[in-house]
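We will go stop by stop.

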Amino acid sequence: MFSETILTKSDFIYPLFIVEGDNVKNEISSMPGQFQMSIDSVLRECEELLKLGITSILLFGIPNEKNEVGSGAYDDNGIIQKALRAIKGAFPELLVITDVCLCEYTSHGHCGVIADGHVKNDETLELLQKEALSHAQCGADIIAPSDMMDGRIAAIRQTLDQNGFADTPIMAYSAKYSSAFYGPFREAAESAPQFGDRKGYQMDIRNTDEAMREIALDIAEGADIVMVKPALSYLDVIRRASESFNLPLAAYNVSGEYSMVKAAAERGWLDGEKVMIEVLTSIKRAGADVIITYFAKDIARIL
Ligand SMILES: [Zn+2]
């Protein structure tokens, strides 16, 4: 009766990694219980998610071929485009969010176009606009740009509005830190940078004022939902954002946060289930309205 924080199934968004092929379901070795799946396998997964009461998913695409400009990201027959048509066709009631970035599609693994060894911000924006529009046209319910280029929210908002998708919300990865907790995800999404790092466009882990400025900018540019990523080492940022902005706040409980709990539980060093509940409760207690988490199925089974 007096619990201040209560987890419910509708708090959670489940990330899915989609690959080309038939009947593919390959476990990601650094993320036990998580898989790269082909579209047919993803459809079976969606059925299971709905049975468990998880109704929101976040899609990441892993194309067969990558190139310098990440053209698979905005190809009408790209992996996400095909997946969107299949998933929304079979399960219109599922809320489908798509990751909009180029790093899964570029041969160099960076989130944008490269020239002279650097990511070019403005050239990248054009490609992100194409990618976001293509996702909306294929049925995406929410567009989630994760690239951290300057001006991307305004650019994507403008493209969506001009093409009849004024009602498609944008969930902005606003405060995305340059974190070592992303390690397992890069195996899952095959998106590790081939040179350098992402510190030029992701945030310094030592800063919170900067996070507030990034969030304010994204809101000014038209974001409908803002995000703090990662979650567990950034509960202070989540708390500060939830008190500073009157907009839905998402937190991404990232791959490394998931994997370390699973690894410790496998060794019997931690009670994995209790730690999962504690972690997810802390993220919500800090102020997150929704939590993107690989634990979504595990927690749904308990709730
Ligand atoms: Zn990226």
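Is Lys297 buried or exposed? Select Lys297: at 10% relative accessibility, Lys297 counts as buried. Buried means under 20% relative accessible area, exposed over 50%, and partly exposed in between (1.4 Å probe, protein chains only).

Before moving on, note that this model is predicted: local features need pLDDT of at least 70, and side-chain atom pairs count only at pLDDT 80 or more, while totals for chains, interfaces and linings use all residues. Residues are numbered from 1 along each chain as its sequence is written, and side-chain values use heavy atoms, with hydrogens and water left out.

Glu45 and Lys297 form a salt bridge, with their closest N and O atoms 2.7 Å apart. A salt bridge is a side-chain nitrogen of Lys or Arg within 4 Å of a carboxyl oxygen of Asp or Glu. Glu45 sits in helix α1 (residues 39–52) and Lys297 in helix α10 (residues 296–302), 252 residues apart. Helices here are DSSP runs (H or I, at least four residues), numbered from the N terminus. Glu45 is buried too, at 3%.

Now select Glu48 and Arg301. Their side chains meet in a salt bridge, 3.3 Å from N to O. Glu48 is in helix α1 and Arg301 in helix α10, so this pair ties together parts 253 residues apart in sequence. Arg301 is partly exposed, at 48%.

Show the whole network: Lys25, Glu45, Glu48, Lys262, Lys297, Asp298 and Arg301 are linked by salt bridges.

Conventions
Helix = DSSP H or I, 4+ residues; strand = E, 2+ residues; numbered from the N terminus.
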